[in-house]
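Student: Hey, I've got a chain open on my screen and I'd like to talk it through. Can you take my questions as they come?

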Amino acid sequence: MFCKEAIKLVTELDMHEDIRPFNEQVMRQVFEEMQTLYEANLTDSNAIQNGNSALLPSVHFRHTALLRNKRCVLAYLYHRIRRLRQMRWELGSILPTEITVNLLNAEVQWFQNYNKSLATYMRSIGDDHGLNLTVNMSPPKTLYVEVKCLSDFGKLELDDGEVITLKKNTYHLLPRATCEPLIRQGILEHHNA
């Protein structure tokens, strides 16, 4: 059936919030279907040029199926890249291994290039030190926040030079700018007293 495999790619995106392993098998089947449709259209268009206009509706139908397959494939690829870009802002410049194992080499390369571009831009704005746009995703109400450590992290040096040890189930009052990346990584969590 036309476009059945391509629709599987799009429905896979709706079923999962995270990035699943790249569906290479279905993608290959879609490309094979597109190749078959293209070759059938090429044969029929040559017949149409020789005067057989009865084949025109079938050429148009197959061409529409080709365009639909192309849109589904592009939507699948674009959605994966959009999720990667979102993860960069939420998790930082290093992705967890459970996500990176699901990526293609081209997607890993795109993510690294996006990191470089974003870092270059952040260094170019602000004062001499640049401006980290990923720190405060929403405006902070206070400069310090009380956090609970969820895992043994080790030593953390603050901006003022003070070194603290982050051990599991300990509570700390830290500058928001320092602990926001650690909260996004799952090392710390906000503690509401």
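Student: How many Å separate the centres of domain 1 and domain 2?
Tutor: The centres, taken over C-alpha atoms, are 41 Å apart. Domain 1 covers 2–122 and domain 2 covers 142–188, with bounds that come from an automatic or database domain assignment. Keep in mind that this is a predicted model: local features need pLDDT of at least 70, side-chain atom pairs count only at pLDDT 80 or more, and totals for chains, interfaces and linings use all residues. Residues are numbered from 1 along each chain as its sequence is written, and side-chain values use heavy atoms, with hydrogens and water left out.

Student: What does UniProt place at residues 141–191?
Tutor: An unreviewed UniProt entry puts "domain: DNA replication complex GINS protein PSF1 C-terminal" there. Such positions use the numbering used here, feature names are shortened, and annotations may be inferred rather than shown by experiment. That span is 18% helix and 43% strand, and its end C-alpha atoms lie 15 Å apart. Helices (H or I, at least four residues) and strands (E, at least two) are DSSP runs, numbered from the N terminus.

Student: And what about residues 53–125?
Tutor: Those are 82% helix and 0% strand, with the end C-alpha atoms 62 Å apart. UniProt, again in an unreviewed entry, has "domain: GINS subunit" at 53–125.

Student: OK, strands. In which order do the 3 strands of the open sheet come?
Tutor: The order is E4-E1-E5, with antiparallel pairing. Two strands pair if DSSP finds at least two bridges between them. Strand E4 (171–175) and strand E5 (188–190) are the edges, each pairing on one side only. E1, residues 144–149, pairs with E4 over 5 bridges, and Val147 has His172 in E4 as its bridge partner.

Student: What holds paired strands together, in general?
Tutor: Strands of a sheet pair through backbone hydrogen bonds, either parallel or antiparallel.

Student: Which strand does E2 pair with?
Tutor: E2 (residues 154–157) pairs with E3 in the antiparallel sense, over 4 bridges. Their hairpin has 5 residues between the strands, and Gly161 takes a positive phi near 95° there. Buried means under 20% relative accessible area, exposed over 50%, and partly exposed in between (1.4 Å probe, protein chains only).

Student: New topic! How many aromatic pairs are there?
Tutor: The count is 2. Rings of Phe, Tyr and Trp (its six-membered ring) pair if their centres lie within 6.5 Å; planes under 30 degrees apart are stacked, over 60 edge-to-face, and the rest tilted. Phe22 and Tyr76 make a tilted pair, 5.6 Å centre to centre with 55° between the planes. These two are 54 residues apart, with Phe22 in the loop between helix H1 (4–15) and helix H2 (24–49), and Tyr76 in helix H3 (residues 56–91).

Student: Are Phe22 and Tyr76 buried or exposed?
Tutor: Both are buried.

Student: Last one: how many salt bridges does the whole structure have?
Tutor: There are 6, each a side-chain nitrogen of Lys or Arg within 4 Å of a carboxyl oxygen of Asp or Glu. One of them joins Arg80 and Glu107, with the closest N and O atoms 2.6 Å apart. Arg80 lies in helix H3 and Glu107 in helix H5, so the pair ties together parts 27 residues apart in sequence.

Student: Why do Arg80 and Glu107 count as buried?
Tutor: Arg80 counts as buried because its relative accessibility is 3%, and Glu107 because its relative accessible area is 5%.
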